[in-house]
Amino acid sequence: MENKASSGGKQLQGETASDSGRPEQEALAGITGPGQLAEERKKARIRELLAELKELRAVPRSDWHAGFEALLRIEMHRYGEMVKIESEHLLGEEPPRTDYLIVKEEEGLRMEKEIYRKFRRHNIIEYKNPHDSLNERVLRKICGYANFYIGTAEHEGDIPADSVTLTVFRAVRNAGLFRKMEACGMLEKGSIPGIYEVKGLTDLPFRLVITGELEGPEYAAYRALTEQAQKADVGQVIAEGGMETEHAVREHYRVLLDFITKKNQEVIDELRREHGMANALMDILKDEIEEKLNVKEQETMVSSIRNVMESFGVGMEKAMDALKIPPEQRSVYAGLVRRM
């Protein structure tokens, strides 16, 4: 990264020397190493500016997306470092951006659930909550996302077209759109109920996943992402979350169940009256209770994140790297930074 940021940016070396007593400055010591070749420093600076641009342009995400992202991270956690999730991934130097990009670091990895079975190396995911539009215009726009991602100069041909897939998740189908597409031969039923293959709009694998039509206990969490969740599905999510032992995954379950609770309070109240479910739910949500007791600590950390971002012209993710904030806590702090 260059010592000078464009448009009046400050020098990292000078700032570090003058403010060495501040915790965020000490944390940044690890990223202010010896200079590199000018071209490499220029590229690093471009990446940081793009990260800042992403944050500045970010539209506040709905709680629907928070719930779906928690579920997505629960699903992908089992694959460890073999799978990477990027939310609101900028597809090039300028918008458009996609909701999620899932990158399989090992191309031969076989995904367990059928809805992810056709994933390739780069997988673009769009999530539409029950109130979002899903029509032909939206589908064509998503196809454009994929073409933009493949063709952008930033990648310099590193993303072959045959390594990309498209998937749209939505709780319910648009009946009119489905009738029209099926009549034209543009929509075929997939391997299991709830999966539909889109034909004719792109030569890339393109799936629509209607979560409300998915069957089986393994898809209970997907069906629960609605305002009319079934008691059995919510109970299944609580039971699975209660059995989870890894802290990071339990945090995702907490976010997911917090969302489900907001949208389905009556179902949650009914489950709380069942002794076993009440205990499991409280066990999962206890981290949230503890967080509320640590509000002051969070406010201090949020202030440090903002100080690093503003003083050194780096993005939020870079600031959290410098402050050594654990990955499982970053979504919480990201939300707090944007709200302040």
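Two strands are taken to pair if DSSP finds at least two bridges between them. In this predicted model, strand 5 (residues 187–189) and strand 6 meet that criterion, with 3 bridges in the antiparallel sense. Leu187 stands opposite Val198 of strand 6. The hairpin formed by strand 5 and strand 6 has 5 residues between the strands. Within this hairpin, Gly194 adopts a positive phi near 105°.

Strand 6 (residues 195–198) also pairs with strand 7 (residues 206–210). These two strands run antiparallel and are joined by 3 bridges. Here Ile195 lies opposite Val209 of strand 7. Side chains in a regular strand alternate between the two faces of the sheet. Strand 6 is covered on both faces. Ile195 and Glu197 are buried on one side, and Tyr196 and Val198 are buried on the other.

A further antiparallel pairing involves strand 2 (residues 97–104) and strand 3 (residues 122–128), joined by 4 bridges. Tyr100 has Ile125 in strand 3 as its bridge partner. Strand 2 is mostly covered, with 8 of its 8 residues buried.

Helix packing was examined for helix 8 (residues 231–243) and helix 10 (residues 265–272). The angle between them is about 65°, and their axes are 10 Å apart. The crossing of helix 8 past helix 10 is right-handed. On the helix 8 side, Lys231, Val234, Gly235 and Ile238 make the contact. They meet Val267, Ile268, Glu270 and Leu271 of helix 10. By class, this contact comprises 5 nonpolar, 1 polar and 2 charged residues.

Technical notes: Residues numbered from 1 in each chain as written. Predicted model: local features only at pLDDT ≥ 70, side-chain atom pairs only at ≥ 80, totals over all residues. Heavy atoms only, no water. Buried < 20%, exposed > 50% of the residue type's maximum accessible area, 1.4 Å probe, protein only. Axes fitted to C-alpha atoms, helices over the stretch in contact; angles between N-to-C directions. Left-handed = near helix turned anticlockwise from the far one by under 90°. Contact = heavy atoms within 4.5 Å. Nonpolar A, V, L, I, M, F, W, Y, C, P; charged D, E, K, R; others polar.
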